[in-house]
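Here is a short briefing on one protein model. Keep the sequence and the 3D view open as you read.

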Amino acid sequence: MSELWRFDAIGTRWEIETAEPVPDAVRTLIAAVIDGFDEEWSRFRPDSLVSRLAVHGGEAAAPADAAAMLDVYRELDAATAGAVNPLVGESLARRGYDAAYSFVDRGAAPAPAWQRVLEWDAQTLRLGRPALLDVGALGKGRLVDLVAEILAGSVTGGFVVDASGDMAVRGGPVRVGLEHPFDPSRAIGVFEVEDAALCASAVNRRAWGEGLHHVLDARTGVPVRTIAATWALASDAMHADAAATALFFDGGPELAADWGVSWVRMTTDGTVEWSADQKAELFL
């Protein structure tokens, strides 16, 4: 591959590598899809659908991605006994990860029991009362899939879509290092990715204050203390992203096995664990 397109969107760095330049019309389409997703699902934008529902609740026309993402949240919730919850937004905001990025901790609060509050179908998204949606457990992976789908129909040859930790590869293979969560200058292994997606999550990313980071147990509002980093390889980025989140909790490995996801994770004491079928080359 020889062409690299870099840009910032949804608060992160994107890199799209292709064999040939991405046509301007395709770039415009990708930018529009990303902005449209952000306008619907970002809890950091005051004009987003999520922010509007957080004020009054009520119902709205269902975004195109609502069923695809929320159906997976139902599986995440069941597998982790409620640790992963799409209404964890207010819990994150209370710990300081709010729309203003205040990073001021106002204490732990559990997320609402979301399946009593949130409903959706092909036409409508309903919130029974004001609550703050946060689709961070899988939303970036979903968006990577949408961008990859556009590229698959628009450019010749393989490509890599890398949204800073969530990656889709068509063609390949591409070797991707697994960054050590306690020493970013080191890798604990390498996944070889070919026509697949690799997503990672770590407590040293989006971290602030003493012991505060973005991976909360929604049942308590307390940051995860036992798992430091996860990596998940799947056929699509949304399920890889969702599995990488689930692997911070009991039940995550079983869900990953059900989905056919190969994974690696590191505990906070430095122990490395992996799935029975994991495909990474580990430096242990």
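The points below cover a helix, a pocket, aromatic rings and one aspartate.

This is a predicted model, in which local features need pLDDT of at least 70, side-chain atom pairs count only at pLDDT 80 or more, and totals for chains, interfaces and linings use all residues. Residues are numbered from 1 along each chain as its sequence is written, and side-chain values use heavy atoms, with hydrogens and water left out.

**Helix 7**

- Helix 7 spans residues 252-259, and its buried residues are Gly252, Pro253, Leu255, Ala256 and Trp259.
- Seen down the helix axis, these buried residues fall within an arc of 160°, so they line one face of helix 7. The arc is taken from the directions from the helix axis to the C-beta atoms.
- Ala257 and Asp258 are exposed on the other side of helix 7.
- Buried means under 20% relative accessible area, exposed over 50%, and partly exposed in between (1.4 Å probe, protein chains only).
- The buried residues pack against helix 3 (66-79), helix 6 (237-246) and strand 16 (262-267). Contact means heavy atoms within 4.5 Å.
- Gly260 follows helix 7 and has a positive phi, near 75°.
- Helices (H or I, at least four residues) and strands (E, at least two) are DSSP runs, numbered from the N terminus.

**Second largest pocket**

- The second largest pocket has a volume of about 220 Å³.
- It is lined by 15 residues, and the closest to its centre are Val224, Thr226, Phe248, Phe249 and Asp250.
- A pocket is an open set of points on a 1 Å grid over the protein atoms alone, where a 1.4 Å probe fits, with protein on both sides within 12 Å along at least five of seven lines; lining residues have an atom within 4 Å of a point.

**Aromatic rings**

- The structure holds 9 aromatic pairs.
- The rings of Trp114 and Trp120 have centres 6.0 Å apart and planes at 5°, so this pair is stacked.
- Rings of Phe, Tyr and Trp (its six-membered ring) pair if their centres lie within 6.5 Å; planes under 30 degrees apart count as stacked, over 60 as edge-to-face and the rest as tilted.
- Trp114 is buried at 2% relative accessibility, and Trp120 is buried at 15%.
- Ring pairs also link Phe44, Tyr97, Tyr101, Phe103 and Trp208 into a cluster.

**Asp38**

- Asp38 sits in helix 1 (residues 24-41).
- Asp38 counts as buried, at 16% relative accessibility.
- Leaving aside neighbours within four places in sequence, Asp38 is in contact with Ile10, Arg45 and Ser48.

Key: Grid points are joined across faces, edges and corners, and a volume is the space filled by probe spheres set on the points.
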